[in-house]
Each structure stands twice: as structure tokens, then as C-alpha cells.
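Subject: Structure handover

Hello,

Here is the structure for your work. My notes follow below it.

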Amino acid sequence: MVRPTSGDDLEMLPEADRVSGSMTFLTKAPMRFSDGEPAMFIEYQRKRYKIIHADDFNENGFYKAIATYVEVTDDA
């Protein structure tokens with residue numbers, strides 16, 4: 001699930017990381033590279049977002065990341 005980041009989520013971040021226009025991503029699998037390292041970016045609907053905060057709610061069945069828009073990705 002993807003949604004605009006709510007005010008409550010933004011308040012949990014340090015002030016310097018509070019960016020309007022950020023998106024919240026909820027997934028069932030951890031956001032990681034194939035080598036197991038945490039991902040730094042998410043690509044969604046041909047747009048790239050930089051992860052600025054991530055939470056592990058695996059005990060509740062999901063992972064959450066707050067990310068800010070970086071660029072449009074190439075479709076080719």
C-alpha cells in the first residue's frame with residue numbers, strides 16, 4: 001500500500017527529515033537488496049523515492065518506509 005505521508009508520521013521524524021510531499025510505503029516483505037542490505041530507494045509508478053525512515057513491524061505482518069520523491073525513472 002502506498003499513501004501520502006500523514007501528519008502523525010511526519011511528527012515522528014526529526015525536524016530536518018520532515019518533507020512535504022513524502023510518501024509512506026507499507027509492504028509485506030522487507031525492502032532490501034538481493035544481498036540483504038537495506039534498500040536506499042524505492043521505485044513506484046516510474047518514480048524513484050529515497051527512503052528517509054523505515055520501521056520493522058514484522059510482528060504485525062508488514063514493513064513501513066517513509067520516502068521522498070527524487071526523480072522519474074526511465075521506462076526503457
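Is Gln45 buried or exposed? Gln45 counts as exposed, because its relative accessibility is 60% and the cut-off for exposed is over 50%. Please keep in mind that this is a predicted model.

Gln45 also has a backbone feature to look at. Its phi is near 50°, a positive value in a residue other than glycine. Most residues other than glycine have a negative phi. Gln45 is found in the loop between β3 and β4, with β4 covering 47-57.

Arg46 is found in the loop between β3 and β4 as well. Phi of Arg46 is near 65°, again positive in a residue other than glycine. Arg46 has a relative accessible area of 47%, so it counts as partly exposed. The class called partly exposed lies between the buried limit, under 20%, and the exposed limit, over 50%.

Now the sheet. Five strands form an open sheet with antiparallel pairing. The order is β1-β2-β5-β4-β3. At the edges are β1 (2-4) and β3 (41-44), and each of these pairs on one side only. On average, neighbouring strands of this sheet are turned by 35° against each other, direction ignored.

Pro4 stands opposite Met23 in β2. Strands of a sheet pair through backbone hydrogen bonds.

Best regards

Terms used. Residues are numbered from 1 along each chain as its sequence is written. This is a predicted model: local features need pLDDT of at least 70, side-chain atom pairs count only at pLDDT 80 or more; totals for chains, interfaces and linings use all residues. Side-chain values use heavy atoms; hydrogens and water are left out. Two strands pair if DSSP finds at least two bridges between them. Helices (H or I, at least four residues) and strands (E, at least two) are DSSP runs, numbered from the N terminus. Axes are lines fitted to C-alpha atoms, for helices over the stretch in contact, and angles run from 0 to 180 degrees between N-to-C directions. Buried means under 20% relative accessible area, exposed over 50%, partly exposed in between (1.4 Å probe, protein chains only).
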